[in-house]
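Me: I would like to go through the terms used for this model and ask what stands behind each one. Please set each value against its definition.

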Amino acid sequence: MVDLESEVPPLPPRYRFRDLLLGDQGWQNDDRVQVEFYMNENTFKERLKLFFIKNQRSSLRIRLFNFSLKLLSCLLYIIRVLLESPSQGNEWSHIFWVNRSLPLWGLQVSVALISLFETILLGYLSYKGNIWEQILRIPFILEIINAVPFIISIFWPSLRNLFVPVFLNCWLAKHALENMINDLHRAIQRTQSAMFNQVLILISTLLCLIFTCICGIQHLERIGKKLNLFDSLYFCIVTFSTVGFGDVTPETWPSKLFVVAMICVALVVLPIQFEQLAYLWMERQKSGGNYSRHRAQTEKHVVLCVSSLKIDLLMDFLNEFYAHPRLQDYYVVILCPTEMDVQVRRVLQIPMWSQRVIYLQGSALKDQDLLRAKMDDAKACFILSSRCEVDRTSSDHQTILRAWAVKDFAPNCPLYVQILKPENKFHIKFADHVVCEEEFKYAMLALNCVCPATSTLITLLVHTSRGQEGQQSPEQWQKMYGRCSGNEVYHIVLEESTFFAEYEGKSFTYASFHAHKKFGVCLIGVRREDNKNILLNPGPRYIMNATDICFYINITKEENSAFKNQDQQRKSNIPRSFYPGASRLPVHSIIASMGTVAIDLQDTSCRSASGPTLSLPAEGSKELRRPSIAPVLEVADTSSIQTCDLLSDQSEDEATPDEDMSSNLEYAKGYPPYSPYIGSSPTFCHLLHEKVPFCCLRLDKSCQHNYYEDAKAYGFKNKLIIVAAETAGNGLYNFIVPLRAYYRPKRELNPIVLLLDNPLDDLLRCGVSFAANMVVVDKESTMSAEEDYMADAKTIVNVQTLFRLFSSLSIITELTHPANMRFMQFRAKDCYSLALSKLEKKERERGSNLAFMFRLPFAAGRVFSISMLDTLLYQSFVKDYMISITRLLLGLDTIPGSGFLCSMKITEEDLWIRTYARLYQKLCSSTGDVPIGIYRTESQKLTASESQISINVEEWEDTKDCKDPGHHRSLHRNSTSSDQSDHPLLRRKSMQWARRLSRKGPKHSGKTAEKITQQRLNLYRRSERQELAELVKNRMKHLGLSTVGYDEMNDHQSTLSYILINPSPDTRLELNDVVYLIRPDPLSYLPNSEASRKNSVCNPMGHDSREETQL
């Protein structure tokens, strides 16, 4: 320390303690030097330079004055030519001398003096040490040629009539115009447009060439034909246009030489100008130019910001955006950093889109590009993420920066943002509408496990359609499915509505039932005027107010509907009822008018030939009569409603004592203690009392707490739900929570198995052979491919493998591209699939946005594409409530008093209800549920030949192989159980049998040959399936797993499933129909009925009795 202190230099003498106290007083006597900066600008030359050159505004005025002088000198030259009388004779002196009046000479001298003085002054100010550089400049030489002779004529009067080529001042005017435009751009602080400058240069060059040629020919022909200015103009235009009539030609050699020189100059200068213009035009086409401020202030436009624009994304946006009538006058400005794709360019050249869509190449992070798109005047900005990138987090980061940049530049512009990862959602919480892809994806996958085809239901609701898909098909199910797919969610104020105005002061369930009974609309939710929260089916205790906003499902909104009373129906011969007798139901009579299309909503059902009847049984058979349906009360009876105890389990499921003893899991209701990401909606759900150790979460490995190594050993009472994903991301939270929501009974909670890798051994250990559903999540690592549509290749092949190995397994998956859904459960030689492929192509040719809807896996809810939900973000521009309603339906948000989506299955004991209208009444009067649709499963109708072939195949496969080869012909008659160990012999003999059948049939019969071919293919297919079954069973035996319950022959090839959204009231109920319900919030109130308390929230198995379900 001593050495360090000794190294510190002492303070100077003036830095004493007294100086520190007195401040600067001790320094007042110090010598100081005042420094003045930028002294060179105070000189006279610098002040002139500042005024004439540096200052944009003053320089612009000087250049404008100079440009005016040059134009004035050219004008004076024209006046001199027009005033001059034609010269007599052909003397050469006429070229050097002209007749110039004294006033005209005086004006030209004045202009020459001013121009020469200005040129010398600007040359002096721009002088940088090399005087020859200033003298040899072409503008300076032209100025000397045009100005010096006039100045000399002041001192030498005999030279006043000397010819001076004043018309060359047009080139100086062109030069001044270019400088003036540059100063103009600098003065108004505007980005210089290269395209504008190039066009200006080209036009001015062309005009200068023509003007020079006109004046030169006219002057040189003074000793020839004595051409006037008009004849010279005519000659120049004919010559430069390469027409060359030959009626006007130069006679003298100077004029001919001048024409040759001008043509050479034109051939050199003009192609260069045109080439630069063409290059700039092509670059402008790539970048897109600008969206003009005048158009932005007079027309409405929205901006679409994307990192890369694909044709599918563009067409989905344009079709959905312009599907709404009030958006037809909007312009769409696309801001994309990449060059326009060839397919996109081809589409944007279609007249329907070329007038309304503007493509700008630029980045949303640059204020200049946002200014080009006039973002501050835009009505909305849509920011979409690139879902095809491997690093989805990086894609979200780019989206976040774009959202921040737009918010910074245009804080008042509404933002519609699409994000991929839920953990990144809180960064864009300021956006007006946000759709998180993984949240919706996992929620729909989860609900598909308990409410079949929820993904199809949501997809159809958020797509704009008129319900005209499939109307040309001969299949009845396609007509019903296509027409009901046109239903969407709309809103209207109750007091302004014809549908709901009469139900003011009535309960919500009463209004919903009677509106559906009378008009065929399904009222699903309301919102108070002073509240932002939407309530789905608030229940019978909710009383409708005049200012309530009603949300309903219908083919079209009420404003586009026309109504007919009963008298008008009779006059127009429209059948009012299809139910004979006094007890018939009143039928709604709404005509949905959309443009030139009128749709009768009553035709959405499939009626029998005799017509359904709702007449009650005769009084003599009262002992066999079913209970009647209670009416829906206008105001709920408060004595029949009691609140639900939050922590009590008796309201949901009362298990038998055996079930209680066998169940080793104890649940409690509460909120999850940990949130996986910021911004997740807290959901009340079933929780374990104690946290399970991490070692116990490994299903395939034993630990000190249990010794189970496969799912079968756990003895789960409910079937498993297996999730095959690449990683356990935060999005899985939105898959688990809807399956563990508080309103789902404990006895229906399915165990969830997360499978991070899916080889066959792991699939068998996790219980895939007896699982209820297998959910396959699209792999992120395969989303980036050289060919865009190949991003789903790995997922599709994996699902196809599962489908072939476990044909009875319900597989639910999600794909990146909707077009790839046709490869799910692919059967190359299935006639019905080929027919559906042709139907899809026809619907696409008719301009349908839902051409893929008839694919059986999508209609059955086995597959969906998250890109379909892009339309949800687009619809929010017109329907700002759509995202909130969709989140409530999927269980992503829970609002006190708002209902939830569930389902119930129609059993044989429920068929006495008969129709959808009676079911609607039964649900509203008993449990307060509101049905919104039906999930129907039907058997595929096979032709007689196909049915016979399938019967023969089944009979053949049920036979046992006989050891005596002489009994081959009678094998299909003596049916016994088939031994799988003899499978190769069975396959060989089955093919021999098929060949014998082919030899028996007449060769000239085409139908018989087709029958035999189909039969042979079915035999081959079934034999292949048996081989796969043997493979799976042998592997299960090798792993020590039991093969009991493995059903290798049960598949779903003979059935098809589809959704009927808001079917008509007289739609007949069928066995195994699954009805979608919006059930009231059980935490608010439940009907005081013990039976309804026992009712299942989602009962896909249909084991409850009619007394329990009130059905």
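Predicted model: local features only at pLDDT ≥ 70, side-chain atom pairs only at ≥ 80, totals over all residues.

Me: Why is Glu143 called buried?

Reply: Buried means under 20% relative accessible area, exposed means over 50%, and partly exposed lies in between (1.4 Å probe, protein chains only). Glu143 has a relative accessible area of 5%, so it is buried. Glu143 belongs to helix H8 (residues 138-155); helices are DSSP runs of H or I with at least four residues, strands are runs of E with at least two, and both are numbered from the N terminus. Between Glu143 and Ile120 there are 9.7 Å in space, C-alpha to C-alpha, and 23 residues in sequence.

Me: What makes Glu84 and Arg222 a salt bridge?

Reply: A salt bridge needs a side-chain nitrogen of Lys or Arg within 4 Å of a carboxyl oxygen of Asp or Glu. In this pair the closest N and O atoms are 2.7 Å apart. Glu84 is in the loop between helix H4 (56-83) and helix H5 (93-96), and Arg222 is in the loop between helix H10 (194-220) and helix H11 (229-240), so the pair ties together parts 138 residues apart in sequence. Both Glu84 and Arg222 are buried. The whole structure holds 18 salt bridges.

Me: How do you know that Arg1079 and Asp929 form a salt bridge?

Reply: Their side chains meet at 2.6 Å, N to O. Arg1079 is in strand S25 and Asp929 in the loop between helix H33 (916-926) and strand S23 (930-939), 150 residues apart. Arg1079 counts as buried because its relative accessible area is 10%, and Asp929 counts as buried because its value is 0%.

Me: What makes strands S22 and S25 a pair?

Reply: Two strands pair if DSSP finds at least two bridges between them. Six bridges join S22 to S25 (residues 1074-1079), and the two run antiparallel.

Me: Why is S22 called largely enclosed?

Reply: Strand S22 covers residues 900-905, and five of its six residues are buried, so the rest of the structure largely encloses it.

Me: Which residues form the negative surface patch, and what makes it one?

Reply: Patch residues have over 30% relative accessible area and no salt bridge; like charges are joined within 9 Å, and nonpolar side chains (Val, Leu, Ile, Met, Phe, Trp, Tyr) within 5 Å. The negative patch consists of Glu495, Glu496, Glu504, Glu529, Asp530 and Glu559. Glu504 sits in the loop between strand S7 (488-493) and helix H22 (508-519). Its relative accessibility is 44%, so Glu504 counts as partly exposed.

Me: Which residues form the positive patch?

Reply: Lys300, Arg326, Lys379 and Lys557 make up a patch of positive charge on the surface. Lys557 lies in the loop between strand S10 (549-554) and strand S11 (561-563). Lys557 is called partly exposed because its relative accessible area is 31%.

Note on methods. Residues numbered from 1 in each chain as written. Heavy atoms only, no water. Areas by Shrake-Rupley, 256 points an atom, 1.4 Å probe, with all protein chains shown as cover. Lys, Arg positive; Asp, Glu negative; His and termini not counted. Charge placed at Lys NZ, Arg CZ, Asp CG, Glu CD.
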